[in-house]
Amino acid sequence: MEAAKSIFSYRKHWAARFGTAPFLPQSRAEMDALGWDSCDVIVVTGDAYVDHPSFGMAVIGRLLEAQGFRVGIISQPDWRNADAFKALGKPNLFWGVTSGNMDSMVNRYTSDRRIRHNDSYTPGGVGDKRPDRAVIVYSQRCREAYKDVPIVLGGIEASLRRIAHYDYWSDKVRRSILVDSKADILLYGNAERAIVEVAHRIAKGGDPTTFDDMRGVALMKSAVPDGWTEAHADDIDSADEGARQLGAGTVLRLPAFEQVEADAETYARASRVLHRESNPGNARPLVQRHGDRELWVTPPPIPLTTEEMDGVYELPYARGPHPSYGEAKIPAWEMIRFSVTIMRGCFGGCSFCSITEHEGRVIQSRSEGSILQEIEHIRDRTEGFTGIISDIGGPTANMYRIGCKDPKIESACRKPSCVYPDICPNLNTSHEALIQLYRKVRAVPGVKKVMVASGVRYDLAVKSPTYIKELVRHHVGGYLKIAPEHTEAGPLSKMMKPGIGAYDRFKQLFDAAAAEAGKKYFLIPYFIAAHPGTSDEDMMNLAIWLKKNGYRADQVQTFLPSPMALSTAMYHSGVNPLKAVRRGGSERVETVKGLKQRRLHKAFLRYHDPENWPLLRDALKSMGRADLIGNGKHHLIPNFQPAGTGLGGGEGRRTGSKNGAQKFLTKGTFGKPVGGGATRKPRAR
C-alpha cells in the first residue's frame with residue numbers, strides 16, 4: 001500500500017495566529033471574542049455540537065483548526081429557510097455539510113418506517129431537530145445563503161450514499177447524494193486526509209470539482225478523461241464483472257443510475273463491484289453515469305498511521321457539549337463521556353453493517369501512551385467521573401492491533417471479510433497487545449474499573465482463551481453483549497456471520513472463566529429478525545433455541561436496509577451479491593418485505609410476550625407446527641391467553657407512549673453508529 005503524506009505535515013494557514021478556541025464558535029459573539037472577522041470553514045451538522053473525538057464535526061473542526069483555519073459550527077439549524085445558515089457570515093473557503101453521526105433517515109425512522117420521537121444527538125433527546133435527507137436540505141440552504149461558496153459533503157450519510165443507492169424509506173433507487181445535493185465534492189469514509197488536503201488546496205485557489213487526483217472523494221465529470229482504460233462491469237448479461245487487472249490507468253465502470261434504477265439485478269451487480277473495490281491497496285477508480293454526466297469515485301483513503309491517529313485524538317477538544325446547551329442532557333454524549341476509542345475499522349465484513357463500508361477493513365490503532373493520556377484527561381477534566389471507564393474499544397472490542405501478517409497480501413486481497421467463512425490463515429489473531437493495554441489502563445491512578453461495552457467478536461476471541469479470562473475477570477459488569485445474530489445457516493450465510501457453534505464455544509470459555517473467577521456473569525445475545533435469506537422456519541427454530549437456552553429478549557432488532565449495505569442489495573434485488581451476479585446465473589435470496597411477515601419474524605424473537613401469542617399460534621398452525629403450541633415445557637407458546645392481552649395484533653403494532661397509536665408510513669409520504677437504537681454504541685459484527 002502506498003505511503004501517504006502525514007495530515008500534520010502541511011504548512012499552516014495564516015490564520016493559525018489566532019490560536020485555539022475553547023469551543024469552535026456557534027455565534028457571532030463567540031467569533032468576536034476570538035478576534036475573528038470571518039470563518040474560513042463553516043461546518044453544518046445535524047447533531048448537537050459536542051467537542052469530543054466521538055463526534056465527527058468536532059474531529060473535522062479541530063483538525064482544520066490545527067491546520068490554521070478558522071472553523072465555525074452551525075449545529076441543528078432551522079432548515080426551513082436560509083436565515084440560520086447566515087449566522088456566522090460567509091465562509092471564506094467552503095461549507096462542510098454532514099447529517100451528523102447517523103444517516104438522517106435511520107435517525108428519524110424505525111425499521112418499520114415509523115417516525116422516532118427521540119434523537120439521542122439532540123439536547124433533551126427530543127426529535128424533529130433535523131430534516132429528512134439532511135445533507136441534501138442543508139446543502140440547498142447553504143447555496144441559498146451564499147451561492148458562490150463551495151460545498152463539501154462528508155459524514156456517514158454522504159459516505160453511504162455516494163453512488164446510486166437503494167433507499168428503503170422511499171422504496172426506490174436514488175441518485176448519488178452528490179447529484180441531488182448539487183454539492184461540489186463528496187468525501188467518503190473517515191475523511192481526515194481528504195479534508196486537510198481539500199482545505200489547503202481551496203485556500204490556494206483550487207477548484208474542488210477538479211480534485212480527482214485525491215483519494216476518498218466523489219465528484220462529477222462531463223466525461224471520462226483521456227488516457228483512462230475502462231473496465232466494464234455494467235453489462236448484466238456478461239460474466240465479466242470488471243475483475244480483470246488492466247494495469248495502471250484503469251477505471252471501473254459501474255452500471256449507470258438509469259440501469260440500476262430500472263433493474264434490481266443490475267443494482268446487485270453494482271453493489272457487488274463497489275464492495276470488491278474497497279481495499280485501499282488495490283481499489284481502482286469507479287465511474288457511474290448519471291444522465292449526461294459521470295460520477296467519478298476515487299479509491300479509498302490510505303488508513304491513518306498510529307502517529308496520525310494519536311494526533312487526531314489528542315487535538316485540544318473541550319471534551320463536552322457546547323455551553324449554549326446549558327444543563328440539557330445529550331443522550332449520545334452521556335453514553336460515551338467516560339469511554340475511550342482505541343481503534344477504527346472492522347474486518348468482519350458483515351453484510352448488514354455499515355461500519356466496514358465507512359471506516360474500512362484495515363484496523364487503525366492508537367498507541368498505548370495516547371490512550372492512557374486520554375484516560376488521565378477523563379479523570380482530571382470530565383465532570384462526574386467516578387473512577388469507572390464505561391468502555392474501551394471501538395467498532396469492535398477486540399481488534400486492537402490485529403491485522404494481516406503480510407502487508408503485500410493485505411494490499412492485494414479482495415475478500416470481503418477476514419473472518420468469514422473461516423478466519424483467514426494470514427490474519428494475526430493475537431490479543432496480547434490488547435491484554436497488555438487493559439492491564440496498563442487498570443493501573444492508572446484514580447481508575448477503579450474499566451468496562452468493555454463494545455461488542456466482542458467472539459469467533460476471534462476464542463483464538464485467545466487468555467483474553468477471555470482477562471475480559472471476564474476484570475472488564476465485565478454482570479452482563480456481556482454478544483451478537484450471534486441468528487442460529488440458522490441460511491440467514492447466517494447471507495450475513496457473513498459464523499455458525500452458532502462459534503458462539504457456543506465462546507460461551508463455554510466465558511462460563512468457565514467466570515466460574516474460575518468466582519463470578520456470576522451472563523451473556524446477552526443479540527439477534528436480527530427478517531434479514532434477507534431468513535424463512536419463517538428459520539425464525540421458528542431461533543425461537544425454539546432461545547426458549548431452550550432460557551433467553552427472553554426485551555429489545556429486538558428488525559433488519560433495516562441501510563444505504564449501500566450488501567444485505568440491502570439482497571433485500572432490494574432478491575439476489576445474492578456475495579456471489580457472481582449475471583442474468584440467468586444469479587443466486588436468488590428469499591426476502592422479507594411485507595409488514596405482516598416482518599412482524600411475525602420479530603414476534604418469534606419475543607415468543608414469551610403474550611401480545612404475540614395469537615399471531616404466533618396462527619403462524620405455527622399454518623406452518624404445520626401446531627405441536628409447538630401447548631402448556632408443557634417443550635412447547636414454544638401456551639394454549640391459554642391472559643385476559644386483556646393479544647388484542648393489538650402482535651409485535652410492531654404497539655401504541656406509542658407519547659403519541660398514541662402509530663401509523664405505518666407509505667411510499668411518498670416522507671417529507672442512528674446505522675442500525676438499531678441511536679443511543680447504542682455499534683456492536684461487533
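Modeller: A patch is made of residues with over 30% relative accessible area and no salt bridge, and nonpolar side chains are joined into one patch within 5 Å. In this model, which is predicted, Tyr479, Phe522 and Ile524 make a nonpolar surface patch of about 310 Å². Phe522 belongs to strand 22, which covers residues 522-529, and Phe522 is partly exposed because its relative accessible area is 42%, a value in between the limits of 20% for buried and 50% for exposed.

Turning from the surface to the inside, the largest nonpolar core has 151 residues, and Phe94, Tyr467, Phe506 and Phe604 are the ones that touch the most other members. Helix 19, made of residues 500-516, gives the most to this core, with eight residues. If we leave aside the neighbours within four places in sequence, the residues in contact with Tyr467 include Ala397, His431, Leu434, Ile435 and Tyr438. There is also a second, separate core of 45 residues, and among them are Ala82, Val97, Tyr188 and Met220.

Cysteines deserve a look as well, and a search of the whole structure finds zero disulfides. For Cys353, the nearest cysteine sulfur is that of Cys350, 6.3 Å away, whereas a disulfide needs the two sulfur atoms within 2.5 Å. Cys353 counts as buried because its relative accessibility is 7%. Cys424 is likewise in no disulfide, with the sulfur of Cys404 as the nearest one at 6.3 Å, and Cys424 is buried because its relative accessible area is 16%.

Definitions and conventions:
Residues are numbered from 1 along each chain as its sequence is written. This is a predicted model: local features need pLDDT of at least 70, side-chain atom pairs count only at pLDDT 80 or more; totals for chains, interfaces and linings use all residues. Side-chain values use heavy atoms; hydrogens and water are left out. Buried means under 20% relative accessible area, exposed over 50%, partly exposed in between (1.4 Å probe, protein chains only). Patches are made of residues with over 30% relative accessible area and no salt bridge: like charges are joined within 9 Å, nonpolar side chains (Val, Leu, Ile, Met, Phe, Trp, Tyr) within 5 Å. Accessible areas come from the Shrake-Rupley method with a 1.4 Å probe; for residues, only the protein chains shown count as cover. A salt bridge is a side-chain nitrogen of Lys or Arg within 4 Å of a carboxyl oxygen of Asp or Glu. Helices (H or I, at least four residues) and strands (E, at least two) are DSSP runs, numbered from the N terminus. A nonpolar core is a set of buried Ala, Val, Leu, Ile, Met, Phe, Trp, Tyr and Cys residues joined through side-chain atoms within 4.5 Å. Contact means heavy atoms within 4.5 Å.
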